[in-house]
Amino acid sequence: MFGRTIMGLAVAGTVTLGGCVSPGLESRLRAIEQRQDSILTLLRQQREKNDFVASRLGWRPPPDTSKQDIPIGRSFTRGPANAALTIVEFSDLQCPYCAQLAPTLDSISKVYPNDVRLIFKNFPLSFHPQAKSAAAAAYAAGKQGKFFEFRFMATPHFRNLGDSLYLALAHNLNLDMDRFKRDQELPEISAILQEDIALGRKVGVEGTPTVFVNGKLATDRSFDYFAGLISEAKSNR
């Protein structure tokens, strides 16, 4: 803002003294302004990244642990609707901390297939350039009934996301490859991402992964934690 004010005064002064700005000066000022915009964008992304890393290294749940109303919407789910535990995960497929949590969620849903329901919500972070394309690929796999299989297979490769990986995973899952490629371009994907991001912000999501269990913010991420909640929920039924 300060830089633009200075440039604005410079332009105004030139107009007052000479009656107009020379084309060469105007183009140079525009180039400077564009560079400033790029720098500000990079600084904003770096600040977001630093805040995210700091919050993950010393991870603590937000103070509000009240029960949240989190609709399923158009999200993919695994497990029965009447499960004792409904786990909603706001995640980013390029996030290393999400990659650490994913095997635990996969295991808990497999060990307790009748007691756990997983619901996946997208929360791609701005400094993860492959997060949205990975979300689109997972969605395309989900259109063929393989969302969670694709997501959990992609987890170990969060550092190497890209088209070649998505195609390899789709091939391993025996997906219709032509349909898989087409479905990644569906316009509804962008709308779903925006819905999930807006919902996440509404319920207090600031970083990934953020997990809610039966509407309440999870205070741990271990297998034993989720298993204990299953036992507690079943005994209270």
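## Salt bridges, a covered helix and some hidden gaps

Arg 179 forms a salt bridge with Asp 183, their closest N and O atoms being 3.2 Å apart. (A salt bridge here is a side-chain nitrogen of Lys or Arg within 4 Å of a carboxyl oxygen of Asp or Glu.) Keep in mind that this is a predicted model, where local features need pLDDT of at least 70, side-chain atom pairs count only at pLDDT 80 or more, and totals for chains, interfaces and linings use all residues. Residues are numbered from 1 along each chain as its sequence is written, and side-chain values use heavy atoms, with hydrogens and water left out.

Back to our pair: Arg 179 and Asp 183 are four residues apart in helix 7, so about one helical turn separates them. Helices (H or I, at least four residues) and strands (E, at least two) are DSSP runs, numbered from the N terminus. Asp 183 is buried at 9% relative accessible area, while Arg 179 is partly exposed at 29%. Buried means under 20% relative accessible area, exposed over 50%, and partly exposed in between (1.4 Å probe, protein chains only).

By this rule there are seven salt bridges. In another one, Arg 151 meets Glu 89 at 2.9 Å, N to O. That pair links distant parts of the chain, with Arg 151 in helix 5 and Glu 89 in strand 2, 62 residues apart. Arg 151 is buried, at 2%, and Glu 89 is buried too, at 3%.

Now look at helix 4, residues 131–142. Its twelve residues should span 16 Å at 1.5 Å a residue, and its end C-alpha atoms are 16 Å apart, which agrees. (The expected span is 1.5 Å times one less than the number of residues.) Ten of the twelve are buried, including Ala 134 and Tyr 139. The buried residues pack against several elements, among them strand 3 and helix 8; contact means heavy atoms within 4.5 Å.

Where is there empty space? Rolling a probe the size of a water molecule over the atoms shows where it is left. On a 1 Å grid over the protein atoms alone, a cavity is a set of points where a 1.4 Å probe fits but cannot get out, and lining residues have an atom within 4 Å of a point. The largest cavity holds about 110 Å³, a volume being the space filled by probe spheres set on the points, which are joined across faces, edges and corners. Its lining has 14 residues, with Tyr 139 among those nearest the centre. Strand 3, helix 4 and helix 8 each give two or more residues to that lining.

Notes: 1 Å grid on protein atoms, 1.4 Å probe; cavity = no way out; pocket = protein on both sides within 12 Å on 5 of 7 lines; lining within 4 Å.
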